[in-house]
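Let's take a walk through this model, pocket by pocket and then out to a helix and a sheet. Keep the 3D view open as you read.

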Amino acid sequence: MSTSKKVVVIGGTGLVGSKAVAILRNAGHEAVAASSRNGINAFTGEGLQAALAGADAVIDVSNLMSFDEPVIRNFFATSSRNLTEAEKSAGVRHHVVLSIVGTSGLSGNPYVGGKQAQEEAVKASGQDYTIVRATQFYEFLDALADAYADGAGLKVPDIAFQPIAAADVAAALVKVALENPRNGIVDLAGPDRGAFAQVMRSYLAAKGDGRAVGVDASLGYFGAPVTATSLVPTGDFIQGRITLADWLRQQNNETKVEKS
Ligand SMILES: NC(=O)c1ccc[n+]([C@@H]2O[C@H](COP(=O)([O-])OP(=O)(O)OC[C@H]3O[C@@H](n4cnc5c(N)ncnc54)[C@H](OP(=O)(O)O)[C@@H]3O)[C@@H](O)[C@H]2O)c1
C-alpha cells in the first residue's frame, strides 16, 4: 500500500508555502501549490473543489498583508470558512493553519486581529484541524528593523524574542499535516531565545548595518501592548533547528553564489 499522501498547500507559491511544497515532493508526496494567481482562491472559493479532490490534508499558509483590521479579519475568516467547508465535502481529514505565537494576547495589532479571526473560524468549522503558531521568521527581521526605526537607530520593546527560519516552519507544518489532527494549538519557535534588542543587534551586525538598537519599554507590537513573554512560547513548543547565525551564513553563501 502506498504511503504517499496528497497535500494541498494554500499559499503554496509564497515564502513558507513554496518550501512546504518542496519538502512534500522530495518525500514522495503529491503537493498542490495553490494560490489565487494559479486559479485556486481560498477567499472567493474559486478552484477549491477540484484542487481538494482526493487530498489527505490542507496546509493554509495564505497571506494578505494589511493593517486594515476589518479587511484582514474578513480575508482570514472567509478563506478559512471556504477551505474547511470544501475540505469537509471532499473528505479531507486534516486542516493545518499557520498562525502566530501569542495571537490571543495581541489584541490591538490589526494584522493579529485577522489571525484571531482565522483561528476562531477554524475552531468553529467542525473540520479536524491543527493550529500551528510560529514565532517571527528570520526573513521578517528586515521588516521589523524598518518598523522599529527611530531616527538614526532603532528602538524596540523590552521583550523576549525567539525567531525561526521559514524553512523550519515549513518542515514542522508538513510533519504536523501528516500526523493526526490535534484539534488544538501547537507553538513553534527557533532554537535560541534572547532579548529582542540583542537579537536585533546580532542581526544588524551580521549584515554590516551599524545602527544602534535601544530599548523603550513603552513600545508594543504593531499597536498591541506587550509583556516580556508576549511573542514567545510559554509552555511546550516544537523547536526549529536552524540558528540565526547558521541562517545568516546560509544567506551570505547564497548571495555569493548569485554574484559569481
Ligand atoms: N512573517 C512572520 O514572521 C510570520 C510569523 C508567524 C506566522 N506567519 C504566517 O505565515 C503565513 C505565510 O506567510 P508567508 O510570508 O509565507 O506569506 P507570503 O510569502 O506573502 O505568501 C502568501 C501566499 O498566499 C497566497 N494567497 C494570497 N491570497 C490567496 C487566496 N485568496 N487564495 C489562495 N492563496 C492566496 C499567495 O499567492 P497569490 O498572491 O498568487 O494568491 C502566496 O502564495 C501567514 O499566514 C502569516 O500570518 C508569519
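What volume does the largest pocket have? It comes to about 870 Å³. Before going further, note that this is a predicted model, where local features need pLDDT of at least 70, side-chain atom pairs count only at pLDDT 80 or more, and totals for chains, interfaces and linings use all residues. Residues are numbered from 1 along each chain as its sequence is written, and side-chain values use heavy atoms, leaving out hydrogens and water.

## The largest pocket

A pocket here is an open set of points on a 1 Å grid over the protein atoms alone, where a 1.4 Å probe fits, with protein on both sides within 12 Å along at least five of seven lines; lining residues have an atom within 4 Å of a point. The volume is the space filled by probe spheres set on the points, which are joined across faces, edges and corners.

Of the 36 lining residues, Val 61, Ser 62, Asn 63, Met 65 and Tyr 111 are the closest to the centre of the largest pocket. Helix 1, strand 4 and helix 4 (110-123) each put at least two residues into this lining. Helices (H or I, at least four residues) and strands (E, at least two) are DSSP runs, numbered from the N terminus. By class, the lining splits into 20 nonpolar, 13 polar and 3 charged residues. Ala, Val, Leu, Ile, Met, Phe, Trp, Tyr, Cys and Pro count as nonpolar, Asp, Glu, Lys and Arg as charged, and the others, Gly among them, as polar.

## The second pocket and helix 6

The second largest pocket holds about 210 Å³. Helix 6 gives the most to its lining, with 5 residues.

Helix 6 (residues 166-178) has 13 residues and spans 19 Å from first C-alpha to last, close to the 18 Å expected at 1.5 Å a residue (1.5 Å times one less than the number of residues). Its buried residues (under 20% relative accessible area, 1.4 Å probe, protein chains only) include Val 169, Leu 173 and Val 176. Among the elements covering them (contact means heavy atoms within 4.5 Å) are helix 1 (15-26) and strand 5 (129-134).

An open sheet of 3 strands runs in the order 6-7-11, with mixed pairing (at least two DSSP bridges between two strands). Strand 6 (149-150) and strand 11 (213-215) each have a single partner, so one side of each lacks a neighbour in the sheet. Strand 7 (residues 153-156) runs parallel to strand 11, joined by 3 bridges, and Leu 154 stands opposite Val 213.

Notes. Buried < 20%, exposed > 50% of the residue type's maximum accessible area, 1.4 Å probe, protein only.
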